Amino acid sequence: MTDAPATTLKPSLIAMDHDQLAEALQSIGVPDAQLNMRAKQLWHWLYIRGAKSFEPMLNISKALREQLAANFRIGYPEIVDAQVSKDGTRKWLVRFPATEKTGPVEVETVYIPESERGTLCVSSQVGCSLTCTFCHTGTQTMVRNLTAAEILGQMMLARHEMGDFQGQEFDPSGVIAPLAGRRVSNVVMMGMGEPLFNFENVKQALLIALDESGLNFSRRRITLSTSGVVPEIYRTGDEIRVMLAISLHATRDELRDVLVPINRKYPLEKLIEACHDYPEKSPSRRITFEYVMLKGVNDSLVDAAELVDLLDGIPAKINLIPFNPWPGSEYECSSRKVIERFSDYLEEAGLPAPIRTPRGRDILAACGQLKSESKKTVVKLK
Ligand code: SAH
Ligand code: SF4
């Protein structure tokens, strides 16, 4: 199935909303009077039971199941490689079938277990069109946006791999999957790609992940990270309202233009303005700013002081990320002492500034280390 030409690929039911499911059912001749009920049944099988095929859907007649299977698929990603770090972090290399424009593509999805939560780091694009100089994904050509089904599919796959679909209990009133019992409790859109360059698909996937009658993720437990696509930050606040993380990394345009080149289009002033407007819409009123610690580049106390000024008036947390090296990277990570000094300065100024512990470095699963071989294998079909 994976290598099937796009023309023979059946549409996936994953990431269809209720109306789209009803339309899909209508297209195969289900009577109008049954559409709502059948769409609800499918929704239940897909998002509560985690069905990967139509056979187990026993409250749907055999004839209809066969018809569904003949016309649609339940498009879970294929796992090409699975690695487990010595710290328990898992990384899956997943493959999606060919589309009209590209051959099969691969991205990485990472699961980070912690004592209080388990966080899934989801990719939104194959490669990235941006070229942040410290990021491995930035060295990879942008191949294509992932579809909503492919984004949501990563979450569904991880729930299966971690046993969340089996483990959940739900009562007859429809309350599903108590958060405490979930292994995948949090989602961060921090994998490969810039999620706000793929806004519609990311939105569709996240709105389904948030739906209370299905996967029922909490708004406070989904974070979207962006390099700073200002117009879509406003849209995120209006249309998705999940937690926001901004990849800041520099306090002056001059330096940010180099580290995060999208800054030339949306400079700091505009970015900070958008952040001032966001918190009232965000579930916890706090924005996370990511700041990668690069030796001798952005790690002085002058930088720290500028950061305090820049974020004045924004309810903020700063995640200090020790730079994770990758083959061929030209930066070095600041020393532990320098990172701690930077963190202490911010904390004294009233800004929470935890130092992120790198996870899964040994399997190249840490922030900024993700990269797939897709560009080498993609066959242009046009
Ligand atoms: N494109 C989005 C989301 C993916 S990157 C964005 O840029 O926000 C997730 C986070 O990892 C970003 O904050 C990014 O700046 C950071 N990052 C990238 N390369 C890194 C590296 N080598 N070491 C540490 N963090 C890195
Ligand atoms: Fe793309 Fe984010 Fe990497 Fe920049 S840091 S190249 S935006 S994935």
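1. Is His249 buried or exposed in this model? His249 is buried, with a relative accessible area of 5%, where buried stands for under 20% relative accessible area, exposed for over 50% and partly exposed for what lies in between (1.4 Å probe, protein chains only). His249 sits in the loop between β9 (243-247) and α8 (253-259), and its phi is positive, about 70°, although the residue is not a glycine. Helices (H or I, at least four residues) and strands (E, at least two) are DSSP runs, numbered from the N terminus.

2. On conventions, the model is predicted, so that local features need pLDDT of at least 70 and side-chain atom pairs count only at pLDDT 80 or more, while totals for chains, interfaces and linings use all residues. Residues are numbered from 1 along each chain as its sequence is written, chains are lettered from A and ligands numbered from 1 in the order in which they are written, and side-chain values use heavy atoms, with hydrogens and water left out.

3. Asn216 is found in the loop between α6 (199-210) and β8 (222-226).

4. Turning to helix α1 (residues 18-27), the residues Leu21, Ala22, Ala24 and Leu25 are buried. They lie on the same side of α1, because they cover an arc of only 160° around the axis, the arc being that of the directions from the helix axis to the C-beta atoms. The cover over these buried residues includes α2 (32-48) and α3 (62-71), whereas the face of α1 turned away from the buried side carries the exposed residues Asp19, Glu23 and Ser27.

5. The two ends of α1 can be described as well. At its start, a side-chain oxygen of Asp17 comes to within 3.2 Å of the backbone nitrogen of Asp19, and after the helix comes Gly29, with a positive phi near 90°.

6. The whole structure holds 14 salt bridges, a salt bridge being a side-chain nitrogen of Lys or Arg within 4 Å of a carboxyl oxygen of Asp or Glu. One of them joins Asp87 to Arg359, with the closest N and O atoms 3.3 Å apart. Asp87 lies in the loop between β1 (78-84) and β2 (90-96) and Arg359 in the loop between α11 (336-348) and α12 (374-377), so this pair ties together parts that are 272 residues apart in sequence. Asp87 itself is partly exposed, at 31% relative accessibility.

7. Another salt bridge links Glu290 with Arg356, and here the closest N and O atoms are 3.8 Å apart. Because Glu290 belongs to strand β10 (residues 287-293) and Arg356 to the loop between α11 and α12, the pair ties together parts that are 66 residues apart in sequence. Glu290 is buried, its relative accessible area being 4%.

8. Within helix α11, Arg336 forms a salt bridge with Glu340, the closest N and O atoms being 3.0 Å apart, and these residues, four apart in the helix, are separated by about one helical turn. Glu340 is partly exposed, with a relative accessible area of 34%. Elsewhere, salt bridges that share partners join Glu200, Lys203, Arg235 and Glu239 into one network.

9. Finally, ligand 2 is surrounded by Cys128, Leu130, Cys132, Cys135, Gly138, Gly193 and Ser227, where a residue is taken as near if one of its heavy atoms lies within 4 Å. This shell divides into four nonpolar, three polar and no charged residues, with Ala, Val, Leu, Ile, Met, Phe, Trp, Tyr, Cys and Pro counted as nonpolar, Asp, Glu, Lys and Arg as charged, and the others, Gly among them, as polar.

Conventions
Contact = heavy atoms within 4.5 Å. Polar contact = N/O pair within 3.5 Å; in protein donor to acceptor, adjacent residues only side chain to side chain.
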